[in-house]
Amino acid sequence: MVRTDSIHGMWSSRLMFILAASGSAVGLGNIWRFPYVAGENGGGAFVLVYLGCIFLIGIPIMASEILLGRAGRQSPINTMRSVAIASGASSRWQIIGWMGAFAGFMILSFYAVIAGWVLSYVILLGSGVFVGADADLANDTFSGFIGNPWSVVGWFTGFMVLTVFITARGVGKGLETTVKYLMPTLFALLIILMIYAAVTSGHFIEGVVFLFSFELEKLTWDSVLIAMGQAFFTLSLGMGAIMAYGAYMPKSASIIGTATTIALMDTGVALMSGLVIFPLVFANGLESSAGPGLMFVTLPLAFGQMASGQFFGCVFFILVAFAAITSAISLVEPAVAWIVERLKTTRVVAALLVGTLVWLLGLGSAFSTNVLSDFYIVGEMTFLDTIDYVTNNIVLPLGGIFIALFAGWVLDSKILDEEMKRDLFYFPAWRFLTRFMAPVAVAIVFVMTILQN
Ligand code: TRP
């Protein structure tokens, strides 16, 4: 049962695992989604709940996913199956893997559409159309772009081709090479931009106050659910992405320490993105609650009014594109690894298959801002909004509960001891949070949200 490597390949070191997993974690969720949901939900109090969820629910579940992945060394579906059987439990626990692979399809289908918007903004910013632009021009440019089905589908397709290409090249040559260069660049760019925003906007403190002043009366159970969903989404938890990456992790690395490092980096990037975006928002008298368009309208506008904004704006969107691609490859990894195992085929075939299915589903999201913009699934939510809401706020937390319950209560203690022997100091805390805190907290948030609506 105890395997030391995976048929799919291995990360060459603990550091490479950290880069890959933080590459998965750091993405549109940090730079595009975190600022706008924090803005929509009033800032400070939302951020506090979000941070609580990261540390009390996110880190223990991330450690659980890494642990299970490393114990099973296969795709999440087969990992869950074999680890469950080895623990004397029902092989039905593999349902966690199935739900996860499915969730990966759904998430990537809208994620890649937004990533396509980002790619087109690299070109737009670089071309200088926003230099000296006013709010009307920035708004019109954005709605003009997302309103054009051809350009949205074109950029979305381009992003999917890139994702399939990197995935097909494999764990070492594809995934590891990509994260090795892109992640350090991304961190460096973000720090430069934060200094830039702090120095040039003159509203840095206002941004800080918005993100960190905890006015608890602003909080509803709905925003608590969204904060929790955001915590799962931003850490890539609840669907087996981290489990798949854990399968390629060397035995010698500690698990809880590594999970904490990744979560801290991810949180750092989210907060830094907020500290880039909100000072620019306030400096230009823009709306913090503008929604998904926040990054695409307010930032180009802000950059357009600042010295060297054409250059820095273009750089910023390149950074976002980097972050998106290193996340996208983790969303397909569970399904790709499973297809390779199951159909005994190559990664090229598996990646093409998954990519095509995601692309087909993603057309629904690509059309959500144009031809299908009046087509609502529930309430006022388009296809894109619905998939985003359901996966983040329901499917991921639900997957997380099952993962925590399995790792906390079902997993065989010999496997547990073997994997956790480098984490003895934090083990009791992990165990408590995984057994009780994470499942109970998620359940309470679910129940309260339902009761309140
Ligand atoms: N965490 C990524 C982000 O913040 C998105 C992502 C990648 C993801 N893999 C995932 C989300 C798995 C949920 C599950 O952009």
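A residue counts as buried when its relative accessible area is under 20%, and cysteine 314, at 17%, is therefore buried. That cut-off will be handy throughout this briefing on a predicted model.

**Around the ligand**

- There are 17 residues around the ligand, and those that come nearest are Ala25, Gly29, Tyr111, Phe233 and Ser236.
- Glycine 29 uses a polar backbone atom here, placed 2.7 Å from an oxygen atom of the ligand.
- Phenylalanine 233 has a backbone N or O atom 2.8 Å from a nitrogen atom of the ligand, and a backbone N or O atom of threonine 234 lies 3.2 Å from a nitrogen atom of the ligand.
- On its own the ligand has 360 Å² of accessible area, and the protein covers 100% of that.

**Salt bridges**

- Side chains of opposite charge can pair when their charged atoms come close.
- Five salt bridges turn up in a search of the whole structure.
- One of them joins the side chains of arginine 33 and aspartate 388, at 2.8 Å from N to O.
- Arginine 33 sits in helix α2 (residues 28-40) and aspartate 388 in helix α16, so this pair ties together parts that are 355 residues apart in sequence.
- Both arginine 33 and aspartate 388 are buried.
- Arginine 70 and glutamate 419 also meet through their side chains, with an N to O distance of 2.6 Å.
- Arginine 70 is buried at 0% relative accessibility, and glutamate 419 is buried at 3%.
- Glutamate 333 pairs with arginine 347, and the closest N and O atoms of this salt bridge are 2.8 Å apart.
- Here the parts tied together are 14 residues apart in sequence, since glutamate 333 lies in helix α14 (residues 309-343) and arginine 347 in helix α15.
- Glutamate 333 has a relative accessible area of 0% and is buried; arginine 347, at 11%, counts as buried too.
- Arg70, Lys251 and Glu419 form one network, joined by salt bridges that share partners.

**Threonine 258**

- Helix α12 (residues 255-283) is where threonine 258 is found.
- With 0% relative accessibility, threonine 258 counts as buried.
- The side chain of threonine 258 makes a polar contact of 3.1 Å with the side chain of arginine 14.
- The side chain of threonine 258 also reaches the backbone oxygen of serine 254, at 2.4 Å.

**Cysteines**

- Cysteine 53 is buried, because its relative accessibility of 9% falls under the 20% cut-off.
- Two cysteine sulfur atoms must lie within 2.5 Å to count as a disulfide, and by this rule the structure has zero disulfides.

**A nonpolar surface patch**

- Val371, Leu372, Phe375, Ile377 and Val378 make up a nonpolar patch on the surface, and together they have about 430 Å² of accessible area.
- Leucine 372, one of these patch residues, is placed in the loop between α15 (347-366) and α16 (383-410).
- At 31% relative accessibility, leucine 372 counts as partly exposed, because that class runs between the 20% limit for buried and the 50% limit for exposed.

Note on methods: Residues numbered from 1 in each chain as written. Predicted model: local features only at pLDDT ≥ 70, side-chain atom pairs only at ≥ 80, totals over all residues. Heavy atoms only, no water. Buried < 20%, exposed > 50% of the residue type's maximum accessible area, 1.4 Å probe, protein only. Patch = residues over 30% accessible without salt bridge, like charges linked within 9 Å, V, L, I, M, F, W, Y side chains within 5 Å. Areas by Shrake-Rupley, 256 points an atom, 1.4 Å probe, with all protein chains shown as cover. Salt bridge = Lys/Arg side-chain N within 4 Å of Asp/Glu carboxyl O. Helix = DSSP H or I, 4+ residues; strand = E, 2+ residues; numbered from the N terminus. Near = heavy atom within 4 Å. Polar contact = N/O pair within 3.5 Å; in protein donor to acceptor, adjacent residues only side chain to side chain.
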